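Subject: Structure for your files, with notes

Hello,

Please find the structure below. My notes on it follow; please read them alongside the coordinates.

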Amino acid sequence: MSRSRLLGKAGETAFLLGNEAIARGAIEYGIGVAAAYPGTPSSEIIGTLAQIAKNLGIHVEWSVNEKTAFEVAYAAAMSGVPSLTAMKHVGLNVASDPLMSSAYTGVKAGFVIVTADDPYMHSSQNEQDNRWYGLHAYIPVLEPAGVQEAKDLTYMGLELSERLEHPFILRSLTRVSHARAPVKLGEIGSPRSSGVFLREPERWAVIPAHARVMKRRVLEKWMRIGEMLADLPYNRIEGDGSTLIVASGIGYAYTRDAVNILGCRARILKISTPVPLPRKLVEKSLDGVEKILVIEETDPVVEMQLKSILVDIGMNIEVHGGDLIGRFGELTIDRVAQAIAKVCGIPWLPPQPLKPEIEPPPRSPILCPGCPHRATFYALKLAAKKVGVDPIYTGDIGCYSLGISPPFRVQDTIVEMGGSIGLANGFAHTVRDRPVVAILGDSTFFHSGIPPLVNAVYNRAPMLILVLDNETTGMTGFQPHPGTGLTAKGEQTRRVFIEDIAKAVGVSHVEVFDPYSVREAVETIERGLRVALGGDVALLVARRTCSLLAVRLGLLRDVYSIDSSRCIGCLLCVKNLMCPAITVEDGRPHIVKALCRGCGVCTQICPVKAIDRGSAG
Amino acid sequence: MKIEIAVCGVGGQGVVTMSAVIGEICVRRGLNVVAAETHGMAQRMGSVEVFVRIGDVEAPLISPASADYVVALEMVEALRGVRYLKRCGWILVSNIYIPPPGSDRVPSRRQVIELLSKLPIKMIVIDVEEIINRLEDPRVVNMAMLGALLSFKDISKILPIDVAEDVVQGMLGSVNREALAMGYRQALEKMNNGNGIYVSNVCTYSTAPSSNQG
């Protein structure tokens, strides 16, 4: 991302990523604070803002988790500083506690919560539709139909939020956040980064007496918001016909393309505010309509509200949506076109894809060459074998989730951030004949690993915790975290050490090791396993910089090669490591020079010492 | 006007950068464009596909059998990406071959070409290895393939090579600009002499469809 592109002049057109467009909308409004925890597909919003924070004099941070990020931005908006927080869909679950009360208190300056949903789960554990949170928390939801609208609605959300003193949710998703399109830029607003806080506990403290007053006020405000949203230009009725297509967010883009392909006539109700569904506009769109089709991404949020409106006003119109489109995965032009064709009675079949006679083998994501996690997993398997145990491996969210695959298979459970130590707390009390090994990353440890760690010590849940510290947030694109000693803006700060936290909360056995030193790693993990078997909690930090990052920083330079005269073709290096840099040709291993990162782990595994530094072979 | 291009390859090959460059050229030319990318998990050396839709379009995804062009930066991925290609559309295949690790049933280079040439499509194979060797830089696969794509008449009509060279120079520097030009020239030569061109006999094809010099 070039800094200049985001700071382009008003009136210019820039080719922006959806997330960059959201960031641009926020600075056009003049936000003073932005905070987030990284998560695909949301990460580039704050990543982009962090690069220009100094230029603009605004506060941008990577917070330790989504709840804290939410609170940072929320407090800014309480003190009159417009703000934005951004997270992936499941991140909003972590932030849902303050979220649920934020409509009660309201805000003073614009406050937009960006949730980036991930239908089809390209990089996520579920497909949740966060528009439900809007209905649940009495917070209006804006849903852009594309990249330009992502910018425009971010701006408008901040403006409406400030005018109504109420938080707004912007629901993005993979195909908005990670789409690129030309965006017409507006003026960058002067940032308001300095706040004032007046002592008004009746406004900011949700004790029961205050909350009861607030709840009544929220209900009344909710009605007013619904009426107001009907008049926004991003909600409108287009075309005419007796079939009404209600298209929300990105569903509108697919609808437009599908209608063009089919060449059919239909009335379209374009919706950018699925929550609350603007009743006045819906009623207006129904005149002469015989059938309705709702196009929306993921759950029937609009469809259910629409059906409820029809019942309220006593209209009996056929409504389709999920029944024709299905409720799994992403919308496509074909899916939408098929549904529209059916409702309009047009015969249409999508073109059939060409299929080669042999299907190509899948190419799943794997640990990168030189990845320190590979070395740790190898040592872990070997240590468990040496101690003679078959542990339960509770896994977590991050690159190390890839340890689920052969040859390692050391992620028996993966549920949510911090779930590794959390679930280990339960297994420790139920499955008594096997030790539990909780595996999580450094950033995940800071995110939500600390409370369950304290719980393990407090409630005497024996386990080995293995923190794979690659000194960055790897999977989402190398964001810094408290263990790196750097802030989002790249400034030095106090570094927080995982081992210090473990010692402070009373973990009796704490060690740090370098996973690239295979023998040291195996022995350290063996000691940890014995502590867990002895009924205590052990925490080990496997510390080694992410190999991708290390190469970028110039920390890894060596290349290894295999001496074919010494190699006996046992293929232990291949089978035990599955390193993409080691390939097999004619039954012999071979190191691909362009891929080798020089971690040297394979040299330590080779039984005949046939692998060495050098460029031969 | 509507042109749909699917780009596929292996995480790390610069698939996303390629779509960013195409988009930038479109913006320079005042054209509407929507590109969709894959991030996160898929970038850890997994299969990556990016869609670029130019002209009268709104939605970001290309449906199967709908792309006018499929650009495959890697040979095995060409077999996967061909599902997006419409009947008698062009697939541009780079001769970079990266077998997926851990699989013992990977089609060979020759098999990939054989399998593809049985389909009702048009194919051009670009010798990207040669371009990489000449420039001594393995990271230029994406720009070499973009150059090849720009040699097609209906593409060059809207995205001229000189504008593309200018954009690539600005975004990625001169080595990438050279790779772009080399890919462009190689594709034009192949179109003229028929080397590395495979056209199904169900598709119409004139001898020099892309001679765009005039």
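S12(A), helix H14 (residues 301–312) of chain A and S13(A) form a right-handed β-α-β unit. Helices (H or I, at least four residues) and strands (E, at least two) are DSSP runs, numbered from the N terminus. A crossover is called right-handed if, with the strands pointing away from the viewer, the path from the first strand over the helix to the second runs clockwise. This is a predicted model, in which local features need pLDDT of at least 70, side-chain atom pairs count only at pLDDT 80 or more, and totals for chains, interfaces and linings use all residues. Residues are numbered from 1 along each chain as its sequence is written, and chains are lettered from A and ligands numbered from 1 in the order in which they are written.

Within that unit, S12(A) and strand S13 (residues 318–320) of chain A pair in the parallel sense over 3 bridges, with A:Ile292 opposite A:Val319 in S13(A). Two strands pair if DSSP finds at least two bridges between them. S12(A) also pairs with strand S10 (residues 243–248) of chain A, in the parallel sense and over 5 bridges; there A:Val246 has A:Val294 as its bridge partner. Strand S12 (residues 291–295) of chain A has 4 of its 5 residues buried, so it is largely enclosed by the rest of the structure. A residue is buried if 20 or more other C-beta atoms lie within 10 Å of its own, exposed if 12 or fewer, and partly exposed in between, with C-beta atoms placed from the backbone.

Chain A as a whole

Chain A contains 24 helices and 22 strands. Its radius of gyration is 27 Å, close to the 25 Å that the globule rule gives for 617 residues, so chain A is as compact as a globular protein of that length. The radius is taken over C-alpha atoms, and the globule rule is 2.2 Å times the number of residues to the power 0.38. The C-alpha trace of chain A spans about 80 × 70 × 55 Å along its principal axes. Of the 617 residues, 53% count as buried. Among contacts in chain A with a separation of 6 or more, 79% are between residues 24 or more positions apart. Two residues are in contact if their C-beta atoms, placed from the backbone, lie within 7 Å.

Domains of chain A

The division is into domain 1 (3–229), domain 2 (236–344), domain 3 (372–552) and domain 4 (560–613); the bounds come from an automatic or database domain assignment. The centres of domain 3 and domain 4 of chain A, taken over C-alpha atoms, are separated by 27 Å. Between these two, 8 residues of domain 3 are in contact with 11 residues of domain 4. On the domain 3 side, helix H17 (372–387) and helix H22 (547–552) of chain A are the elements that give two or more residues, and H17(A) gives the most, with 3 residues. By class, that side has 6 nonpolar, 1 polar and 1 charged residues. Ala, Val, Leu, Ile, Met, Phe, Trp, Tyr, Cys and Pro count as nonpolar, Asp, Glu, Lys and Arg as charged, and the others, Gly among them, as polar.

Two loop positions

A:Val559 is in the loop between H22 and strand S19 (560–562) of chain A. A:Val559 is partly exposed, with 17 other C-beta atoms within 10 Å. A:Gly534 is in the loop between helix H21 (518–533) and strand S18 (537–543) of chain A. A:Gly534 is exposed, with 12 other C-beta atoms within 10 Å. A:Gly534 and A:Pro435 are 99 residues apart in sequence and 9.6 Å apart in space, C-alpha to C-alpha.

Chain B has 8 helices and 7 strands. The radius of gyration of chain B is 16 Å, close to the 17 Å that the globule rule gives for 214 residues, so chain B is as compact as a globular protein of that length. Of its 214 residues, 59% count as buried.

In the interface, 51 residues of chain B are in contact with 42 residues of chain A. H1(B) gives the most to the chain B side, with 5 residues. By class, that side has 30 nonpolar, 12 polar and 9 charged residues. Strand S8 (residues 179–184) of chain A pairs with S2(B) in the antiparallel sense over 2 bridges, and A:Ala179 stands opposite B:Ala36 in S2(B).

Regards
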